[in-house]
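I jotted things down in the order I looked them up.

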Amino acid sequence: MPLLKMLSRSRLYAFENTINYIQNEHKTKTQQQEFTPILHNIRANPDEKEKIIDAFIENEAYRKITENRIYCFHTIISMSEKDKSYCTSEVMTSITEKYFDLRGDVLGYAIAHFNTDSPHIHILESATRYRQNKSSSLRKSELADLKLEMENFVTKELGLEHSHIEHGKGRPYIKEREGNLIKYGGTSVTQTVKQNIETALKQSKSLSEFKELLHNHDLIHYERRSDGIPTGVISCSGKKYRFKTLDIQLEDYLDLNQSKDLEKENQLLEKLKKIRENKQQHLNRTR
């Protein structure tokens, strides 16, 4: 399923959670190919996780801290399964570098995964421009332009003719969708996804653990709420599944008032505020 999706994250601990997911899947699942993580505007080695997380947090201090602010994006770029044999590490590196070139002055951390039918790239990117008091969020028209640029590069320059980008609900140029009629051993895709979500819920003791266990089933949560509670999941094929549509109530399984997550978030917010205050003090002294 060819797609480019940007999932916003409104919690500071999302930096660590997203990197953990990207790294854990990269290490624990059959990769078939080796891929060295790619850093963009970050001075650290790819294996220095703490330095990478600190770089993201420090960069967010350049922008004003407001309520319900987006702190980062988890971006997924996926190629068609029909182009899988052509998606070498070199090709996926070229796609990643092209994406960072188009995104420009953001911080980024990316790894390509080859463990599914559709080779894909996971990218953690900053919601703040590199060392600027400016959001890196894109307007709809800017996101559409970005997708077109990526599509042109992937299909024409790299020759992955099946990996057209999905351009929005109901308006694809070329669109492949999984549906309820696709069967795997007599079970629909939707039923399988629901079963995997319920399995993750039953095995979870916290919201954070639930999010991590979703990843074991190649499901990535997305949020439409500002409290960090997921609204649904996205499969590797790019299809969204809302919990409400699947008749799944998270509160039936989990205590959504996660004291540990809130404590961690408050600690990170205090750290961010101190970094911002120190930057402002330094700026005042140099004037």
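I began with a word I would need throughout: two residues are in contact when they have heavy atoms within 4.5 Å of each other. I also noted that helices (H or I, at least four residues) and strands (E, at least two) are DSSP runs, numbered from the N terminus.

**Ground rules.** The model is predicted, with local features needing pLDDT of at least 70 and side-chain atom pairs counting only at pLDDT 80 or more, while totals for chains, interfaces and linings use all residues. Residues are numbered from 1 along each chain as its sequence is written, and side-chain values use heavy atoms, with hydrogens and water left out.

**Overview.** I found 7 helices and 10 strands in the protein. Of its 287 residues, 49% are buried; buried means under 20% relative accessible area, exposed over 50% and partly exposed in between, with a 1.4 Å probe and protein chains only. I also looked at contacts between residues at least 6 apart in sequence, and 70% of them join residues at least 24 apart.

**Helices α5 and α6.** Which residues of α5 meet α6? On the α5 side I listed Ile197, Ala200, Leu201 and Gln203, and on the α6 side Glu209, Phe210, Leu213 and Leu214. By class this contact has 6 nonpolar, 1 polar and 1 charged residues. Here Ala, Val, Leu, Ile, Met, Phe, Trp, Tyr, Cys and Pro count as nonpolar, Asp, Glu, Lys and Arg as charged, and the others, Gly among them, as polar.

**Helices α3 and α4.** Next I turned to α3 (residues 89-103) and α4 (residues 140-157), which pack at an angle of about 150 degrees with their axes 11 Å apart. The angle makes α3 roughly antiparallel to α4. For the terms, axes are lines fitted to C-alpha atoms, for helices over the stretch in contact, and angles run from 0 to 180 degrees between N-to-C directions. Angles under 35 degrees count as roughly parallel, over 145 as roughly antiparallel, 65 to 115 as roughly perpendicular and the rest as oblique. From α3, the contact includes Ser94, Ile95 and Lys98, and from α4 it includes Leu146, Glu149 and Met150. I sorted the residues of this contact into 7 nonpolar, 1 polar and 3 charged.

**Cores.** Ile95 came up again in the largest nonpolar core, which has 51 residues; Phe15, Ile77, Met92 and Ile95 have the most contacts inside it. A nonpolar core is a set of buried Ala, Val, Leu, Ile, Met, Phe, Trp, Tyr and Cys residues joined through side-chain atoms within 4.5 Å. Apart from this core lies another, of 18 residues, among them Val189, Phe210, Val233 and Phe243. My general reminder is that in soluble globular proteins, nonpolar side chains tend to be buried together.

Is threonine 18 buried or exposed? Threonine 18 counts as buried because its relative accessibility is 5%. Threonine 18 sits in helix α1 (residues 14-28), and, leaving aside neighbours within four places in sequence, touches His74 and Leu124. Isoleucine 275, in helix α7 (residues 259-286), is buried as well, with a relative accessible area of 16%. The C-alpha atoms of isoleucine 275 and alanine 61 are separated by 6.2 Å, though the two residues are 214 residues apart along the chain.

Most residues other than glycine have a negative phi. Asparagine 68, in the loop between α2 (49-60) and β3 (72-78), has a positive phi near 60 degrees. Arginine 131, in the loop between β5 (120-126) and α4, has a positive phi of about 55 degrees.
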